[in-house]
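Student: I have a model open and would like to learn how to read it feature by feature. Where do we begin?

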Amino acid sequence: MAAELVLERPVVEYLITDYGERLNEALASNHVSIWELDTTLPFGLIVTEGERDGVSLVVYDDRGELRGLLTNDTSDAMAWAKDVFETYRERATLIGGP
């Protein structure tokens, strides 16, 4: 399994501070890539491909508390989610991974 993550700077800093060794191991596995974004993401986005394709959109309030979760597995939703992910990844800086 491979994972590509686009994360806000505070999340990356938290992972480095609290999980530095494990984070380095994950990045060294060549199965995890992490990009750091210096702006706030408007929502969480999970795109899964493989045995079960799907999209999950995670919505938080101003305090970071979960407010909603939307899931969809249609081809239109997958195309939209991939486009959104690519847009944010292009604005981010790769900090580790293949």
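**A buried arginine**

Tutor: We begin with a side-chain pair: R89 and E86 are joined by a polar contact of 2.7 Å. A polar contact is a pair of N or O atoms within 3.5 Å; within protein, one must be able to donate a hydrogen and the other to accept it, and residues adjacent in sequence count only if both atoms are side-chain atoms. This is a predicted model, where local features need pLDDT of at least 70 and side-chain atom pairs count only at pLDDT 80 or more, while totals for chains, interfaces and linings use all residues. Residues are numbered from 1 along each chain as its sequence is written, and side-chain values use heavy atoms, with hydrogens and water left out.

Student: Is R89 buried or exposed?

Tutor: Buried means under 20% relative accessible area, exposed over 50%, and partly exposed in between (1.4 Å probe, protein chains only). R89 has a relative accessible area of 18%, so it counts as buried.

Student: Which residues is R89 in contact with, leaving aside neighbours within four places in sequence?

Tutor: Contact means heavy atoms within 4.5 Å. On that basis R89 is in contact with E4, V6 and W35.

Student: Where does R89 lie?

Tutor: In helix α2. Helices (H or I, at least four residues) and strands (E, at least two) are DSSP runs, numbered from the N terminus.

Student: What span should α2 have?

Tutor: The expected span of a helix is 1.5 Å times one less than its number of residues. The 17 residues of α2 should therefore span 24 Å, and its end C-alpha atoms are 25 Å apart, which agrees.

Student: Which residues of α2 are buried?

Tutor: They are A77, M78, A81, V84, F85, Y88 and R89. Seen down the axis of α2, they fall within an arc of 135°, so they line one face of the helix. The arc is that of the directions from the helix axis to the C-beta atoms. The face turned away from the buried side carries the exposed residues S75, D76, D83, E90 and R91. The cover over the buried residues of α2 includes β1 (3–8), β2, β3, β4 and β5.

Student: How should I read strand pairing?

Tutor: Strands of a sheet pair through backbone hydrogen bonds, either parallel or antiparallel. Here two strands pair if DSSP finds at least two bridges between them. Strand β4 (residues 54–60) is joined to β5 by six bridges, and Y60 stands opposite L66 in β5.

Student: In which sense do β1 and β2 pair?

Tutor: In the parallel sense, over six bridges. E36 in β2 is the bridge partner of L7.

Student: Which way do the residues of β2 point?

Tutor: In a regular strand the side chains alternate between the two faces of the sheet. In β2, V32, I34 and E36 point one way and S33, W35 and L37 the other way, and all are buried.

Student: What does E36 touch?

Tutor: Not counting residues up to four places away in sequence, E36 touches L7, R9, V12, A92, T93 and I95. Its side chain makes a polar contact of 3.4 Å with that of R9. E36 counts as buried because its relative accessibility is 15%.
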